[in-house]
Amino acid sequence: MTTEQRGRTPAVVAGRVTADIARQPLRDVVTALLSFDLEDGDVDVDAVERIRERDFDDWGDAVTRSGLFTPPEIEALARSWHADPRSLFEALLTGSDDMTRKRYEIVWDSLDQADSREYA
């Protein structure tokens, strides 16, 4: 399921579910919300590049549309992602199988190498 598909699904925020979510650390809730984005088996190189370029609009929109976070929490997430893009990358991979994680790590590392060659 992509972030866009998930954004069209109404968020479940009633009674007990809301109380359970409120007790979870913000990072854990975001991880649970977004962690399936990269699990379809195919490596989404574009998504990795967008994360590295600090283009978080899709993920920020998904978090906003979920209705689970206050505006200050959403701003804090955006700031944390801008400070450490790898934190979003790791959140998206939470729950991924070892092979999927390895494929994405290879893409991330290859982009690191390409960046370092660019500046050499």
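How many helices and strands are there in the protein chain? I looked this up before anything else. I found 8 helices and 0 strands. I note that the model is a predicted one.

**Entry: overall layout**

I read along the sequence and wrote down the pattern α-α-α-α-α-α-α-α. I then looked up burial: of the 120 residues in the protein chain, 32% count as buried. I also checked how far apart in sequence the contacting residues are. Taking contacts with a separation of 6 or more, I found that 73% are between residues 24 or more positions apart.

**Entry: H3 and H6**

I noted that two packed helices are described by the angle between their axes and the distance between the axes. I looked up both values for helix H3 (residues 26–34) and helix H6 (residues 71–83): the axes come within 12 Å and cross at roughly 80 degrees. Angles of 65 to 115 degrees count as roughly perpendicular, so I recorded H3 and H6 as roughly perpendicular to each other. On the H3 side, I listed Leu26, Val30 and Leu34 as making the contact. On the H6 side, I listed Glu73, Leu77 and Trp81. I sorted the residues of this contact into 5 nonpolar, no polar and 1 charged.

**Entry: H5 and H6**

Which angle do H5 and H6 pack at? I found about 160 degrees, with the axes 10 Å apart. I recorded the crossing of H5 past H6 as right-handed. H5 makes the contact through Trp59, Gly60, Val63 and Thr64, and H6 through Ile74, Leu77 and Trp81. I sorted the residues of this contact into 5 nonpolar, 2 polar and no charged.

**Entry: the nonpolar core**

In soluble globular proteins, nonpolar side chains tend to be buried together. I looked up the largest nonpolar core here and found 23 residues in it. Which of them touch the most other members? I wrote down Leu34, Ile51, Trp59, Val63, Trp81 and Leu88. The elements giving two or more residues to this core are H3, helix H4 (45–52), helix H5 (57–66), H6, helix H7 (85–93) and helix H8 (98–118).

I then followed up Leu88. I left aside its neighbours within four places in sequence and found Leu88 in contact with Leu34, Ile51, Phe56, Trp59 and Trp81.

Definitions and conventions. Residues numbered from 1 in each chain as written. Predicted model: local features only at pLDDT ≥ 70, side-chain atom pairs only at ≥ 80, totals over all residues. Heavy atoms only, no water. Axes fitted to C-alpha atoms, helices over the stretch in contact; angles between N-to-C directions. Helix = DSSP H or I, 4+ residues; strand = E, 2+ residues; numbered from the N terminus. Parallel < 35°, antiparallel > 145°, perpendicular 65-115°, else oblique. Contact = heavy atoms within 4.5 Å. Nonpolar A, V, L, I, M, F, W, Y, C, P; charged D, E, K, R; others polar. Core = buried A, V, L, I, M, F, W, Y, C linked by side-chain atoms within 4.5 Å. Buried < 20%, exposed > 50% of the residue type's maximum accessible area, 1.4 Å probe, protein only. Left-handed = near helix turned anticlockwise from the far one by under 90°.
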